[in-house]
Amino acid sequence: MPIFQIDNNSIQPIANATFEQLELLERQDLQSLLKTRIDVISPDTLVVAEEFSEWEDSRRSIDLLGIDKAANLVVIELKRTQDGGHMELQAIRYAAMIAALTFEKLVTIFGDYLRKNDIDEDPIDLLLNFLNWEEPDEDRFGQEVRIVLASGGFSKELTTSVLWLNEFDLDIRCVRMQPYDNNGQILLDVQTIIPMPETEDYQVRIQEKRRKERASRKTMPKKYDIEIAGNSHTALSMRATMFILVSGVLESGATPQQIVEVIPGRGTLFKDFDGKLNAEQVREEIMKSDRGQVVPKADRYFCKDDSELFHFANKTYALSNDWWEERTERAAKSLVEAFPSLNIRFRPTGA
(Lines give C-alpha, C1' and ligand atoms only; values in the text may rest on other atoms or scores of the structure.)
Protein backbone atom coordinates (compact mmCIF):
# COMPACT_ATOMS: atom_id res chain seq x y z
CA MET A 1 0.00 0.00 0.00
CA PRO A 2 1.44 3.40 -0.96
CA ILE A 3 2.05 6.25 1.47
CA PHE A 4 0.67 9.67 0.62
CA GLN A 5 1.75 13.15 1.54
CA ILE A 6 -0.69 16.03 1.97
CA ASP A 7 0.87 19.16 0.47
CA ASN A 8 -0.72 22.43 -0.70
CA ASN A 9 -4.24 21.02 -0.45
CA SER A 10 -3.35 17.98 -2.53
CA ILE A 11 -2.53 14.37 -1.84
CA GLN A 12 0.60 13.11 -3.51
CA PRO A 13 1.97 9.55 -3.38
CA ILE A 14 5.44 8.94 -2.01
CA ALA A 15 7.40 6.61 -4.22
CA ASN A 16 8.20 3.26 -2.67
CA ALA A 17 11.67 1.86 -3.14
CA THR A 18 13.82 -1.12 -2.28
CA PHE A 19 16.83 -1.28 0.00
CA GLU A 20 18.92 -2.22 -3.03
CA GLN A 21 17.81 0.90 -4.91
CA LEU A 22 18.62 3.02 -1.87
CA GLU A 23 21.99 1.25 -1.55
CA LEU A 24 21.27 0.23 2.04
CA LEU A 25 23.16 -2.90 3.09
CA GLU A 26 22.00 -5.57 5.52
CA ARG A 27 24.84 -5.60 8.01
CA GLN A 28 26.40 -2.16 7.70
CA ASP A 29 23.09 -0.27 7.55
CA LEU A 30 19.97 -2.19 8.60
CA GLN A 31 21.63 -4.30 11.28
CA SER A 32 23.66 -1.40 12.64
CA LEU A 33 20.57 0.79 12.93
CA LEU A 34 18.18 -1.83 14.30
CA LYS A 35 20.42 -3.14 17.06
CA THR A 36 20.03 0.20 18.85
CA ARG A 37 16.27 0.38 18.19
CA ILE A 38 15.27 -3.26 18.14
CA ASP A 39 11.80 -2.34 19.40
CA VAL A 40 11.06 -1.21 15.83
CA ILE A 41 10.76 -4.86 14.78
CA SER A 42 10.72 -6.73 18.11
CA PRO A 43 9.21 -4.92 21.11
CA ASP A 44 10.25 -5.85 24.67
CA THR A 45 13.54 -7.32 23.45
CA LEU A 46 17.12 -6.72 24.60
CA VAL A 47 19.90 -7.33 22.05
CA VAL A 48 22.67 -9.41 23.65
CA ALA A 49 24.82 -10.36 20.64
CA GLU A 50 25.53 -9.43 17.04
CA GLU A 51 26.78 -11.84 14.36
CA PHE A 52 26.61 -14.61 16.95
CA SER A 53 28.32 -17.83 15.84
CA GLU A 54 29.67 -19.57 18.94
CA TRP A 55 29.17 -23.13 17.77
CA GLU A 56 31.47 -25.66 16.17
CA ASP A 57 31.73 -26.48 12.46
CA SER A 58 29.68 -23.54 11.26
CA ARG A 59 30.61 -20.33 9.49
CA ARG A 60 27.07 -18.99 9.69
CA SER A 61 25.97 -16.45 12.29
CA ILE A 62 22.79 -15.02 13.79
CA ASP A 63 22.35 -11.40 12.71
CA LEU A 64 21.08 -10.32 16.12
CA LEU A 65 20.47 -12.42 19.23
CA GLY A 66 18.07 -11.08 21.84
CA ILE A 67 16.17 -11.99 24.97
CA ASP A 68 12.58 -11.04 25.73
CA LYS A 69 10.81 -10.15 28.97
CA ALA A 70 9.81 -13.79 29.52
CA ALA A 71 13.50 -14.82 29.40
CA ASN A 72 13.07 -16.48 26.01
CA LEU A 73 15.90 -16.22 23.51
CA VAL A 74 15.07 -14.35 20.28
CA VAL A 75 16.76 -15.12 16.96
CA ILE A 76 16.51 -12.05 14.71
CA GLU A 77 17.31 -12.45 11.00
CA LEU A 78 17.44 -9.54 8.57
CA LYS A 79 17.18 -9.40 4.78
CA ARG A 80 16.97 -6.45 2.43
CA THR A 81 15.40 -8.50 -0.38
CA GLN A 82 11.77 -8.52 -1.49
CA ASP A 83 11.24 -12.26 -0.98
CA GLY A 84 13.18 -13.00 2.23
CA GLY A 85 15.17 -15.75 0.56
CA HIS A 86 15.36 -18.85 2.78
CA MET A 87 15.68 -16.93 6.02
CA GLU A 88 13.08 -19.06 7.85
CA LEU A 89 15.22 -22.18 7.32
CA GLN A 90 18.35 -20.40 8.52
CA ALA A 91 16.56 -19.07 11.59
CA ILE A 92 15.21 -22.51 12.56
CA ARG A 93 18.72 -23.93 12.31
CA TYR A 94 20.06 -21.15 14.54
CA ALA A 95 17.23 -21.59 17.05
CA ALA A 96 18.12 -25.27 17.42
CA MET A 97 21.79 -24.40 17.93
CA ILE A 98 21.16 -21.99 20.81
CA ALA A 99 18.31 -23.89 22.48
CA ALA A 100 20.67 -25.28 25.14
CA LEU A 101 22.26 -21.91 25.96
CA THR A 102 22.47 -21.27 29.72
CA PHE A 103 21.96 -17.99 31.55
CA GLU A 104 25.56 -18.13 32.78
CA LYS A 105 26.83 -18.43 29.21
CA LEU A 106 24.53 -15.63 28.06
CA VAL A 107 26.08 -13.29 30.63
CA THR A 108 29.50 -13.92 29.05
CA ILE A 109 28.13 -13.42 25.52
CA PHE A 110 26.35 -10.20 26.52
CA GLY A 111 29.49 -8.93 28.24
CA ASP A 112 31.46 -9.39 25.03
CA TYR A 113 28.76 -7.53 23.08
CA LEU A 114 28.81 -4.61 25.53
CA ARG A 115 32.60 -4.31 25.35
CA LYS A 116 32.63 -4.41 21.54
CA ASN A 117 30.09 -1.56 21.51
CA ASP A 118 31.96 0.47 24.17
CA ILE A 119 29.10 0.18 26.67
CA ASP A 120 30.48 0.34 30.22
CA GLU A 121 27.74 -1.60 32.02
CA ASP A 122 27.62 -4.82 34.02
CA PRO A 123 25.93 -7.51 31.86
CA ILE A 124 24.33 -9.42 34.71
CA ASP A 125 22.84 -6.24 36.23
CA LEU A 126 21.40 -5.20 32.87
CA LEU A 127 19.90 -8.66 32.31
CA LEU A 128 18.37 -8.91 35.79
CA ASN A 129 16.88 -5.43 35.54
CA PHE A 130 15.47 -6.16 32.08
CA LEU A 131 13.95 -9.47 33.22
CA ASN A 132 12.73 -8.01 36.50
CA TRP A 133 14.53 -10.79 38.39
CA GLU A 134 16.12 -10.56 41.79
CA GLU A 135 18.73 -13.19 40.97
CA PRO A 136 19.67 -15.53 38.10
CA ASP A 137 17.30 -18.47 37.61
CA GLU A 138 18.50 -21.11 35.16
CA ASP A 139 15.23 -23.02 35.45
CA ARG A 140 13.18 -20.09 34.15
CA PHE A 141 15.68 -19.07 31.49
CA GLY A 142 15.36 -19.95 27.82
CA GLN A 143 12.25 -22.08 28.02
CA GLU A 144 11.50 -21.19 24.40
CA VAL A 145 13.32 -19.72 21.40
CA ARG A 146 11.41 -17.14 19.40
CA ILE A 147 12.21 -16.11 15.83
CA VAL A 148 11.78 -12.69 14.22
CA LEU A 149 12.24 -12.41 10.44
CA ALA A 150 12.52 -8.85 9.14
CA SER A 151 12.79 -8.22 5.41
CA GLY A 152 11.83 -5.87 2.62
CA GLY A 153 9.24 -8.47 1.59
CA PHE A 154 8.35 -12.16 1.81
CA SER A 155 7.56 -14.77 -0.79
CA LYS A 156 4.35 -16.77 -0.64
CA GLU A 157 6.40 -19.93 -0.04
CA LEU A 158 8.06 -18.37 3.00
CA THR A 159 4.86 -17.06 4.59
CA THR A 160 3.08 -20.36 3.96
CA SER A 161 5.93 -22.22 5.68
CA VAL A 162 5.86 -19.86 8.66
CA LEU A 163 2.10 -20.18 9.10
CA TRP A 164 2.39 -23.96 9.04
CA LEU A 165 5.32 -24.04 11.49
CA ASN A 166 3.48 -21.77 13.91
CA GLU A 167 0.71 -24.37 14.05
CA PHE A 168 3.23 -26.60 15.86
CA ASP A 169 4.06 -24.22 18.72
CA LEU A 170 6.91 -22.35 17.06
CA ASP A 171 6.84 -18.59 17.50
CA ILE A 172 7.97 -17.07 14.20
CA ARG A 173 7.11 -13.49 13.27
CA CYS A 174 7.45 -11.88 9.87
CA VAL A 175 8.02 -8.13 9.87
CA ARG A 176 7.96 -6.32 6.54
CA MET A 177 10.13 -3.20 6.24
CA GLN A 178 9.07 -1.13 3.23
CA PRO A 179 11.30 1.87 2.47
CA TYR A 180 10.08 5.02 0.67
CA ASP A 181 12.04 7.75 -1.06
CA ASN A 182 10.53 11.14 -0.24
CA ASN A 183 12.72 13.46 -2.31
CA GLY A 184 15.88 12.09 -0.79
CA GLN A 185 14.42 11.54 2.66
CA ILE A 186 14.11 7.83 3.44
CA LEU A 187 10.94 6.74 5.24
CA LEU A 188 10.35 3.25 6.60
CA ASP A 189 6.98 1.57 6.97
CA VAL A 190 7.22 -1.37 9.40
CA GLN A 191 4.36 -3.88 9.46
CA THR A 192 4.05 -7.20 11.26
CA ILE A 193 2.35 -9.43 8.71
CA ILE A 194 2.58 -12.72 10.66
CA PRO A 195 0.79 -12.77 12.96
CA MET A 196 -1.43 -9.94 11.75
CA PRO A 197 -1.90 -7.47 14.63
CA GLU A 198 -5.69 -7.54 14.19
CA THR A 199 -5.83 -11.32 14.66
CA GLU A 200 -2.83 -11.94 16.91
CA ASP A 201 -4.82 -12.52 20.11
CA TYR A 202 -7.14 -14.89 18.31
CA GLN A 203 -4.26 -16.80 16.70
CA VAL A 204 -2.45 -17.08 20.01
CA ARG A 205 -5.57 -18.50 21.68
CA ILE A 206 -6.12 -20.98 18.86
CA GLN A 207 -2.47 -22.11 18.96
CA GLU A 208 -2.59 -22.47 22.74
CA LYS A 209 -5.81 -24.47 22.52
CA ARG A 210 -4.30 -26.82 19.96
CA ARG A 211 -1.12 -27.16 21.97
CA LYS A 212 -3.06 -28.14 25.08
CA GLU A 213 -5.16 -30.59 23.09
CA ARG A 214 -2.05 -32.26 21.70
CA ALA A 215 -0.43 -32.33 25.13
CA SER A 216 -3.52 -33.79 26.79
CA ARG A 217 -3.63 -36.54 24.21
CA LYS A 218 -0.04 -37.45 24.99
CA THR A 219 0.04 -37.26 28.76
CA MET A 220 -1.72 -35.90 31.82
CA PRO A 221 0.16 -33.85 34.45
CA LYS A 222 2.11 -36.09 36.78
CA LYS A 223 0.85 -36.91 40.23
CA TYR A 224 2.97 -38.37 43.00
CA ASP A 225 2.60 -40.83 45.86
CA ILE A 226 4.79 -40.17 48.88
CA GLU A 227 5.40 -41.62 52.30
CA ILE A 228 7.28 -39.76 55.01
CA ALA A 229 7.67 -40.62 58.69
CA GLY A 230 5.04 -43.32 58.32
CA ASN A 231 2.39 -41.07 56.75
CA SER A 232 1.19 -41.88 53.22
CA HIS A 233 -0.25 -39.52 50.61
CA THR A 234 -1.42 -40.38 47.11
CA ALA A 235 -2.02 -38.59 43.80
CA LEU A 236 -0.52 -35.29 44.93
CA SER A 237 0.21 -32.36 42.63
CA MET A 238 3.81 -31.16 42.38
CA ARG A 239 3.13 -28.24 44.71
CA ALA A 240 1.39 -30.41 47.29
CA THR A 241 4.15 -33.00 47.04
CA MET A 242 6.86 -30.51 47.88
CA PHE A 243 4.89 -28.80 50.64
CA ILE A 244 4.22 -32.11 52.43
CA LEU A 245 7.80 -33.32 51.99
CA VAL A 246 9.30 -30.08 53.30
CA SER A 247 6.75 -29.96 56.15
CA GLY A 248 7.61 -33.53 57.16
CA VAL A 249 11.34 -32.89 57.13
CA LEU A 250 10.92 -29.74 59.25
CA GLU A 251 8.68 -31.57 61.72
CA SER A 252 11.41 -34.18 62.13
CA GLY A 253 13.69 -31.51 63.59
CA ALA A 254 15.53 -30.22 60.52
CA THR A 255 15.93 -26.48 59.99
CA PRO A 256 14.98 -24.45 56.91
CA GLN A 257 18.66 -23.75 56.30
CA GLN A 258 19.43 -27.47 56.18
CA ILE A 259 16.74 -27.96 53.54
CA VAL A 260 18.09 -25.04 51.50
CA GLU A 261 21.50 -26.70 51.55
CA VAL A 262 20.03 -30.02 50.40
CA ILE A 263 17.85 -28.86 47.50
CA PRO A 264 20.15 -27.70 44.66
CA GLY A 265 19.80 -24.36 42.95
CA ARG A 266 17.08 -22.96 45.18
CA GLY A 267 18.38 -19.68 46.53
CA THR A 268 14.78 -18.49 46.88
CA LEU A 269 13.31 -21.69 48.36
CA PHE A 270 12.06 -19.73 51.39
CA LYS A 271 11.16 -16.15 52.13
CA ASP A 272 12.01 -15.51 55.79
CA PHE A 273 11.04 -12.69 58.15
CA ASP A 274 11.92 -11.78 61.73
CA GLY A 275 9.26 -12.55 64.32
CA LYS A 276 6.13 -14.69 64.21
CA LEU A 277 4.02 -13.26 61.39
CA ASN A 278 0.63 -14.36 60.13
CA ALA A 279 -0.24 -14.99 56.48
CA GLU A 280 -1.56 -11.49 55.86
CA GLN A 281 1.60 -9.92 57.27
CA VAL A 282 3.83 -12.24 55.22
CA ARG A 283 1.99 -11.37 52.01
CA GLU A 284 2.35 -7.66 52.76
CA GLU A 285 6.10 -8.07 53.34
CA ILE A 286 6.61 -10.05 50.14
CA MET A 287 4.63 -7.55 48.05
CA LYS A 288 6.92 -4.72 49.17
CA SER A 289 9.46 -6.00 46.63
CA ASP A 290 6.90 -6.78 43.91
CA ARG A 291 7.76 -5.07 40.61
CA GLY A 292 4.39 -5.30 38.95
CA GLN A 293 4.80 -8.77 37.45
CA VAL A 294 1.85 -10.51 35.83
CA VAL A 295 1.74 -12.94 38.78
CA PRO A 296 1.88 -11.10 42.13
CA LYS A 297 5.04 -12.04 43.97
CA ALA A 298 3.14 -13.22 47.06
CA ASP A 299 1.31 -15.80 44.93
CA ARG A 300 4.61 -17.54 44.29
CA TYR A 301 4.82 -18.69 47.92
CA PHE A 302 2.70 -20.79 50.26
CA CYS A 303 1.20 -18.02 52.38
CA LYS A 304 -2.54 -18.00 51.75
CA ASP A 305 -3.28 -18.90 55.36
CA ASP A 306 -1.37 -19.34 58.61
CA SER A 307 -1.22 -23.14 58.27
CA GLU A 308 1.10 -22.80 55.26
CA LEU A 309 3.80 -20.91 57.21
CA PHE A 310 6.73 -22.31 59.20
CA HIS A 311 8.12 -20.79 62.41
CA PHE A 312 11.67 -21.41 63.65
CA ALA A 313 13.94 -19.51 66.03
CA ASN A 314 11.68 -16.44 66.13
CA LYS A 315 11.52 -16.29 62.34
CA THR A 316 8.70 -16.97 59.88
CA TYR A 317 9.30 -18.89 56.64
CA ALA A 318 7.16 -19.09 53.49
CA LEU A 319 7.98 -21.91 51.06
CA SER A 320 8.12 -21.31 47.29
CA ASN A 321 5.25 -22.91 45.34
CA ASP A 322 7.05 -22.62 41.99
CA TRP A 323 7.50 -26.33 41.13
CA TRP A 324 7.38 -28.37 37.95
CA GLU A 325 8.23 -31.93 37.05
CA GLU A 326 12.02 -31.82 36.71
CA ARG A 327 12.50 -29.53 39.70
CA THR A 328 10.08 -31.53 41.88
CA GLU A 329 11.70 -34.88 41.15
CA ARG A 330 15.22 -33.52 41.62
CA ALA A 331 14.32 -31.89 44.95
CA ALA A 332 12.45 -34.95 46.24
CA LYS A 333 15.39 -37.21 45.40
CA SER A 334 17.73 -34.87 47.30
CA LEU A 335 15.51 -35.01 50.39
CA VAL A 336 15.31 -38.82 50.23
CA GLU A 337 19.10 -39.07 50.16
CA ALA A 338 19.73 -36.38 52.80
CA PHE A 339 17.26 -37.69 55.43
CA PRO A 340 17.39 -41.50 55.31
CA SER A 341 16.03 -41.87 58.85
CA LEU A 342 12.63 -40.56 57.68
CA ASN A 343 12.21 -43.47 55.23
CA ILE A 344 10.85 -41.14 52.55
CA ARG A 345 9.28 -42.96 49.60
CA PHE A 346 8.55 -40.98 46.45
CA ARG A 347 7.21 -42.19 43.10
CA PRO A 348 4.86 -41.10 40.31
CA THR A 349 1.30 -42.23 40.90
CA GLY A 350 0.67 -45.54 39.17
CA ALA A 351 4.36 -46.36 38.77
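Biologist: Which residues is C303 in contact with, leaving aside its neighbours within four places in sequence?

Modeller: In this predicted model, C303 is in contact with A279, V282, R283, I286, A298, E308, L309 and A318, once the neighbours within four places in sequence are set aside.

Biologist: And where does C303 lie?

Modeller: C303 lies in a loop, the one that runs between α9 (279-287) and β12 (309-312).

Biologist: Is C303 buried or exposed, and why?

Modeller: C303 counts as buried because its relative accessible area is 0%, and the cut-off for that label is under 20%.

Biologist: How far apart are the C-alpha atoms of C303 and V282?

Modeller: They are separated by 7.0 Å, with the two residues 21 apart along the chain.

Biologist: Switching to D68, where is its place?

Modeller: D68 belongs to strand β4, which covers residues 62-68, and D68 is buried too, with a relative accessible area of 7%.

Biologist: Which side chain does D68 join in a polar contact?

Modeller: The side chain of R146 is the partner, at 3.1 Å, and R146 is also among the residues that D68 touches beyond four places in sequence, including D44, T45, V74, F130 and L131.

Biologist: What about Q258, where is that found?

Modeller: Q258 is found in helix α8, residues 256-262, and it counts as partly exposed because its relative accessibility is 36%, which falls between the 20% and 50% limits.

Biologist: What lies 2.8 Å from a polar atom of the Q258 side chain?

Modeller: That is the backbone nitrogen of T255.

Terms used: Residues are numbered from 1 along each chain as its sequence is written. This is a predicted model: local features need pLDDT of at least 70, side-chain atom pairs count only at pLDDT 80 or more; totals for chains, interfaces and linings use all residues. Side-chain values use heavy atoms; hydrogens and water are left out. Helices (H or I, at least four residues) and strands (E, at least two) are DSSP runs, numbered from the N terminus. Buried means under 20% relative accessible area, exposed over 50%, partly exposed in between (1.4 Å probe, protein chains only). Contact means heavy atoms within 4.5 Å. A polar contact is a pair of N or O atoms within 3.5 Å; within protein, one must be able to donate a hydrogen and the other to accept it, and residues adjacent in sequence count only if both atoms are side-chain atoms.
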